[in-house]
Amino acid sequence: RVVVPEGFASWQIAERLAADGVCDPRAFLQIVADKKLEGYLFPATYDFEAALLPATVAARFKAKFDEIWTPEMEARAREIGFTKNETVTLASIVEREVRAREEGPMVSAVYHNRLKKGMRLEADPTVQFAKGEWVGRLTYADYRETDSPYNTYRVKGLPPGPICSPGLDSIKAALWPAPSGALFFVAAEDGQHHSFSDSYREHTNKVNKRNRLRRQQK
């Protein structure tokens, strides 16, 4: 029995498969890369036999994704001008950003609004993906110097593909964002929630307030 949590990247899934003796992790990751399956290894609980072919395992994950991707989702993606891959890409970013599940539609709304205005997404998880690890906190050098199409601080629009396996809630959030004009968000003091703003000035004030509180708590 292998449990794949929401937000796992393919390398994390490969490590878990290897630890449980399911398949060779390097061969699995090669199949993921060749077939462009990042984001489509649906997070769920799976029962596998030991020592399976990596292609068989990858196909099981993709088949599970295909089960949850409904005609309604396909129609909604077309309605908002997204392809399936763009939807899963945005959903994967939302998945890595959100701690409180109910905030997914608001985080999605921020990214939808930024895309419509031609703004950079400036999503930390995409930079982390480009660096190949989910680091706790990025530096200014990471934002400036990470040369990758996944660095959304340097490149406008969505990255080339998903950065992790999003769950159903995040996929729905990507397709049905909250009705909001927010363009910014910042992690609140508890680190688990976000505070949303429509203007850069409001956003900056919230960031400064949060940083003051953090300094006072040290």
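User: Which exposed residues are carried by the face of helix 4 turned away from its buried side?

Analyst: The structure is a predicted model. On that face of helix 4 lie Pro71, Arg78 and Glu79. Each is called exposed because its relative accessible area is over 50%.

User: Which residues of helix 4 are buried?

Analyst: Helix 4, residues 71-79, has Met73, Arg76 and Ala77 as its buried residues. Buried means a relative accessible area under 20%.

User: How do you know where the buried residues of helix 4 fall when seen down its axis?

Analyst: They fall within an arc of 100° around the axis of helix 4, and therefore line one face of the helix. In general, an α-helix has 3.6 residues a turn, so residues three or four places apart point the same way.

User: What do the buried residues of helix 4 pack against?

Analyst: Their packing partners are helix 3 (54-68), helix 5 (84-97) and helix 9 (168-175). Contact here requires heavy atoms within 4.5 Å. Just after helix 4, Gly81 takes a positive phi of about 80°.

User: Why does Arg114 count as buried?

Analyst: Its relative accessibility is 6%, and the cut-off for buried is under 20%; Arg114 therefore counts as buried. This residue is found in helix 6 (residues 104-117).

User: With which residues is Arg114 in contact, leaving aside its neighbours within four places in sequence?

Analyst: Arg114 is in contact with Met119, Arg120, Leu121, Glu122, Leu183 and Phe184. As for Ala182, 68 residues from Arg114 along the chain, the C-alpha atoms of the two are separated by 8.9 Å.

User: What radius of gyration would a compact globule with 218 residues have, and how does the chain compare?

Analyst: Such a globule would have a radius of gyration near 17 Å; the chain has 18 Å, and the two therefore agree. Along the principal axes, the C-alpha atoms fill a box of roughly 55 × 45 × 30 Å. Buried residues make up 46% of the 218 residues.

User: What share of the contacts with a separation of 6 or more comes from residues 24 or more positions apart?

Analyst: Such residues account for 63% of those contacts in the chain.

User: How many helices and strands does the chain have?

Analyst: There are ten helices and four strands. From the N terminus on, the elements run β-α-α-β-α-α-α-α-α-α-α-β-β-α.

User: How many positive and negative side chains does the chain have?

Analyst: The chain has 32 positive and 29 negative side chains, and the centres of the two sets lie 6 Å apart.

Key: Residues are numbered from 1 along each chain as its sequence is written. This is a predicted model: local features need pLDDT of at least 70, side-chain atom pairs count only at pLDDT 80 or more; totals for chains, interfaces and linings use all residues. Side-chain values use heavy atoms; hydrogens and water are left out. Buried means under 20% relative accessible area, exposed over 50%, partly exposed in between (1.4 Å probe, protein chains only). Helices (H or I, at least four residues) and strands (E, at least two) are DSSP runs, numbered from the N terminus. The arc is that of the directions from the helix axis to the C-beta atoms. The radius of gyration is taken over C-alpha atoms; the globule rule is 2.2 Å times the number of residues to the power 0.38. Lys and Arg count as positive and Asp and Glu as negative; His and the chain ends are not counted. The place of a charge is taken as NZ of Lys, CZ of Arg, CG of Asp or CD of Glu.
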